[in-house]
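Thank you for sending this structure for comment.

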Amino acid sequence: QGLFTDEAGNSSVKQEISGLSFDNIVPTVKIDGPEPAIINKEGTAVFTITSEDKLSYTTNEGKYITLNRVNSNDTINSDAKVEFEKKTEDGKVWEIKVSNIGGDGEVSLVIEDGAFIDEAGNKIAKTEKAGLTVDNTAPVITSVSEALLSEDKKSATIVITTESKEDKFVI
């Protein structure tokens with residue numbers, strides 16, 4: 001006997017349905033980067049998002065991708081930019097560029113629940129990636145030595161001391 005019966009009592013013929021599949025698996029994403037790992041307000045850092053699933057971005061006025069301060073209650077300046085772009089036609093690779101970030105300290109990229117969906121409509125879970133350092137504070141020079149001429153008198157050494165822990169400066 002079939003699965004369906006009409007008002008007259010006629011039963012449908014039993015048929016097998018094949019090729020039907022169900023996908024309710026939440027897609028996962030991996031966030032790589034940022035490159036570079038340290039920027040100032042004029043700099044841009046790039047995060048790369050990859051997934052084994054074909055993803056599309058769900059529009060919510062861009063509020064699904066945000067920046068947060070790590071270990072701080074300070075907020076990110078409202079004019080910070082977060083731009084994203086699909087890098088492969090199938091949606092398995094996306095690039096997120098962040099820039100114009102004020103203040104100092106570590107910043108994390110946050111991709112909120114539902115920012116991306118797979119072909120079956122499954123939404124990704126919230127994902128976060130720290131590792132971006134924002135440094136907008138100029139080094140403070142505390143002392144400069146007198147020039148010490150080399151023996152051949154073609155060069156000189158000057159020692160500059162700063163309050164910063166950084167050891168690389170452009171002069």
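1. How exposed is lysine 87, and what is its relative accessible area? Before answering, please keep in mind that this is a predicted model. Lysine 87 has a relative accessible area of 42%, and this value makes the residue partly exposed because the class lies between the 20% limit for buried and the 50% limit for exposed. Its side chain meets that of glutamate 85 in a salt bridge, with 3.9 Å from N to O, and glutamate 85 is likewise partly exposed, with a relative accessible area of 42%.

2. Lysine 97 counts as partly exposed at 33% relative accessibility, whereas glutamate 95, at 18%, counts as buried. Elsewhere, aspartate 32 and lysine 30 meet through their side chains in a salt bridge of 3.4 Å, N to O, and aspartate 32 counts as partly exposed at 31% relative accessibility. The structure holds five salt bridges.

3. The strands around this network deserve a careful look. Strand S6, which covers residues 81-86, pairs with S7 in the antiparallel sense over six bridges, and in this pairing glutamate 85 stands opposite glutamate 95 of S7. Six residues lie between the two strands of the hairpin, and glycine 91 takes a positive phi near 80° there. S7 is also joined to S3, through seven bridges and again antiparallel, with valine 93 of S7 as the bridge partner of threonine 50. S7 is mostly covered, since five of its seven residues are buried.

4. S8 pairs with S10 in the antiparallel sense over six bridges, and valine 110 stands opposite glutamate 128 of S10. Strand S2, residues 38-39, is instead joined to S10 by two bridges and runs parallel to it, with isoleucine 39 opposite valine 134.

5. Which residues touch the most other members of the largest nonpolar core? They are Val98, Ile101, Phe116 and Leu132, in a core of 25 residues. Strands S3, S4, S5, S7, S8 and S10 each supply at least two residues of this core. For leucine 132, leaving aside residues up to four places away in sequence, the residues touched include Pro34, Ile38, Phe47, Val98, Ile101 and Val107.

6. The aromatic residues form a further group, and the count comes to five aromatic pairs. Tyrosine 57 and tyrosine 64 make an edge-to-face pair, with 6.5 Å centre to centre and 85° between the planes; tyrosine 57 counts as buried at 14% relative accessibility, and tyrosine 64 is buried with a relative accessible area of 19%. The rings of tryptophan 94 and phenylalanine 116 have their centres 4.9 Å apart and their planes at 65°, so this pair is edge-to-face as well. Because tryptophan 94 lies in strand S7 and phenylalanine 116 in strand S9, the pair ties together parts that are 22 residues apart in sequence. Tryptophan 94 is buried, with a relative accessible area of 7%, and phenylalanine 116 is buried with 0%. Ring pairs link Tyr57, Tyr64, Phe84, Trp94 and Phe116 into a cluster.

7. Finally, is asparagine 122 buried or exposed? Asparagine 122 is placed in the loop between strand S9 and S10, and it is buried, with a relative accessible area of 13%. Its side chain reaches the backbone oxygen of aspartate 23 at 3.1 Å and the backbone oxygen of isoleucine 25 at 3.3 Å. Not counting residues up to four places away in sequence, asparagine 122 touches Asp23, Asn24, Ile25, Val26, Pro27, Phe116 and Ile117.

Definitions and conventions. Residues numbered from 1 in each chain as written. Predicted model: local features only at pLDDT ≥ 70, side-chain atom pairs only at ≥ 80, totals over all residues. Heavy atoms only, no water. Core = buried A, V, L, I, M, F, W, Y, C linked by side-chain atoms within 4.5 Å. Buried < 20%, exposed > 50% of the residue type's maximum accessible area, 1.4 Å probe, protein only. Helix = DSSP H or I, 4+ residues; strand = E, 2+ residues; numbered from the N terminus. Contact = heavy atoms within 4.5 Å. Pairing = 2+ DSSP bridges. Polar contact = N/O pair within 3.5 Å; in protein donor to acceptor, adjacent residues only side chain to side chain. Salt bridge = Lys/Arg side-chain N within 4 Å of Asp/Glu carboxyl O. Phe/Tyr/Trp six-rings, centres within 6.5 Å; stacked < 30°, edge-to-face > 60°.
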